[in-house]
Amino acid sequence: MSPALPDGDPAPDDGALPPSVVAGAGSRAFGVYLHVPFCTVRCGYCDFNTYTATELGGGASQVAYADTALREIDLAARVLARTGLPARPVQTVFVGGGTPTVLPTGDLARMLDGVRSVWGLVDDAEVTTEANPDSVTPSSLEALAAAGFTRVSFGMQSAVPHVLATLERTHDAARIPDVVRWARDAGLQVSLDLIYGTPGESADDWRASVEAALATGVDHVSAYALVVEQGTRMAVQVRRGELELPSGDDQAAKYERADDLLAEAGLHWYEVSNWARTDADRCRHNLAYWRGDDWWGVGPGAHSHVGGMRWWNVKHPRAYATRLADGLSPAAGRELVGPESAQLERVMLGVRLADGLALDDLTPAARTKVAGLVADGLLDGRAAIGADGDRRVLLTRRGRLLADAVVRDLTD
């Protein structure tokens with residue numbers, strides 16, 4: 001069961017945005033997120049807005065999905081033009097899910113062509129798709145590259161069969177080196193996503209997974225602690241005592257082990273859960289989220305943000321398709337981010353980056369707490385002093401483990 005949509009104000013049927021979103025648009029990057037809400041199998045820990053063919057029944061067709069998404073892209077172009085926003089070519093496109101690569105490559109290419117035709121892409125646009133290792137072939141990856149995709153993010157999660165089984169992942173871990181090689185041969189950049197803290201995962205299991213990812217030679221790795229969300233099958237298994245969650249200390253030790261191994265291999269953290277070999281290997285689309293740029297989210301349940309206005313689409317693919325077929329915006333609700341919320345988000349997201357957050361971006365009250373956080377070993381003292389005049393809030397590794405607590409201290 002995917003999480004409920006946020007509370008908010010009703011969204012207008014035509015999707016119109018207030019004139020206030022135009023202010024400062026020229027200084028903000030513009031990206032597009034394309035949500036593909038389909039999976040072959042739904043993993044027991046997943047609470048994303050995704051569906052299998054069985055769950056959807058006859059209501060929403062995967063075959064027609066690309067055409068439905070193209071309708072929203074056309075709607076988005078009209079809405080932004082009517083609002084008076086300056087024409088901005090798209091800098092990043094991210095196709096997520098679900099498993100985008102369960103769709104035919106031609107459908108993914110048509111959706112990207114839709115983005116290109118209405119807005120244009122910058123010359124060095126980053127175009128990413130997520131993929132499961134068992135959902136691609138050498139020819140499908142070559143076709144994605146030919147269509148304009150530049151990057152693929154594989155959901156590896158683990159290299160250990162029993163861990164994959166607990167997560168209900170369907171791919172064979174032995175396939176990972178093959179898919180990475182196929183993608184690179186096609187000219188695509190590659191990222192691998194890992195999950196740590198699965199019930200039953202030992203320290204040696206986790207080390208083996210990180211080492212297996214590094215053995216492929218990838219230039220980007222994401223590593224996320226498993227969070228068991230209410231309403232998932234795994235949450236039921238934990239509640240029944242069938243699975244035992246690891247301790248916080250176990251997860252912290254695994255994070256530190258990953259950070260050590262990745263750094264030794266030449267990958268450095270640029271966000272709490274993301275490591276890249278060089279600045280050019282960082283995920284620019286995600287950086288745009290963390291920096292508060294503009295993006296339009298296409299698809300059921302997708303979220304968008306333009307100039308401080310945030311909105312979200314209806315969740316179910318059938319409702320999404322019906323609204324667009326009727327000429328209506330699929331937006332279910334929206335909110336205008338106020339000054340206090342904007343400040344909270346600026347701190348919450350900025351602090352998580354290796355570039356840190358300018359001390360001047362904190363409120364005067366928050367700045368008085370920096371010295372204490374430095375004394376506690378959570379913030380870098382040299383960055384806070386700013387010998388070159390650039391005083392910044394920068395997490396230490398211990399601070400990364402307690403990032404939420406640091407944010408609470410700086411926003412209370």
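This is a predicted model: local features need pLDDT of at least 70, side-chain atom pairs count only at pLDDT 80 or more; totals for chains, interfaces and linings use all residues.

Let me begin with the second largest pocket. Its space comes to about 150 Å³. Which residues line this pocket? They are Glu-340, Gln-343, Leu-344, Val-347, Thr-363, Ala-365, Ala-366, Lys-369, Asp-409, Leu-410, Thr-411 and Asp-412. Sorted by class, that lining has 5 nonpolar, 3 polar and 4 charged residues. Three helices each supply at least two of the lining residues: helix 12, at 339-350, helix 13, at 364-367, and helix 17, at 403-411. Helix 12 gives the largest share, with 4 residues.

Next, the packing of two of those helices. In general, a pair of packed helices is described by the angle and the distance between the axes. For helix 12 and helix 17, the axes come within 9 Å and cross at roughly 145°. The crossing is right-handed. On the helix 12 side, the contact is made by Leu-344, Val-347 and Met-348. Helix 17 contributes Val-407, Leu-410 and Thr-411. Of the residues in this contact, 5 are nonpolar, 1 is polar and none is charged. Leu-344, Val-347, Leu-410 and Thr-411 belong both to this contact and to the lining of the second largest pocket.

As a general point, rolling a probe the size of a water molecule over the atoms shows where empty space is left. How many cavities of 30 Å³ or more does the model have? The count is 1. The largest cavity has a volume of about 80 Å³. It is lined by 14 residues, and those nearest its centre are Gly-15, Leu-17, Trp-311, Ser-329 and Ala-331. Helix 2 (65-83), strand 11 (309-313) and strand 12 (331-336) are the elements that give two or more residues to this lining. By class, the lining of the largest cavity has 9 nonpolar, 3 polar and 2 charged residues.

On to the aromatic rings. The structure has 10 aromatic pairs. One of them joins Tyr-33 and Phe-94, with 6.4 Å from centre to centre and 25° between the planes, and it is stacked. The two residues are 61 apart in the chain, Tyr-33 being in strand 1 (residues 30-36) and Phe-94 in strand 2 (residues 90-97), so the pair links distant parts of the chain.

Last, the backbone. Where is the cis peptide bond that I want to show? It runs from Gly-97 to Gly-98, with omega near 15°. Gly-98 is in the loop between strand 2 and helix 3, the latter covering 105-118. The other detail is Gln-157, where phi is near 65°, a positive value in a residue other than glycine. Gln-157 belongs to strand 4, residues 151-157.

That is the end of my slides.

Note on methods:
Residues are numbered from 1 along each chain as its sequence is written. Side-chain values use heavy atoms; hydrogens and water are left out. On a 1 Å grid over the protein atoms alone, a cavity is a set of points where a 1.4 Å probe fits but cannot get out, and a pocket is an open set with protein on both sides within 12 Å along at least five of seven lines; lining residues have an atom within 4 Å of a point. Grid points are joined across faces, edges and corners, and a volume is the space filled by probe spheres set on the points. Ala, Val, Leu, Ile, Met, Phe, Trp, Tyr, Cys and Pro count as nonpolar, Asp, Glu, Lys and Arg as charged, and the others, Gly among them, as polar. Axes are lines fitted to C-alpha atoms, for helices over the stretch in contact, and angles run from 0 to 180 degrees between N-to-C directions. A crossing is left-handed if the near helix is turned anticlockwise from the far one by less than a right angle, and right-handed if clockwise. Contact means heavy atoms within 4.5 Å. Rings of Phe, Tyr and Trp (its six-membered ring) pair if their centres lie within 6.5 Å; planes under 30 degrees apart count as stacked, over 60 as edge-to-face and the rest as tilted.
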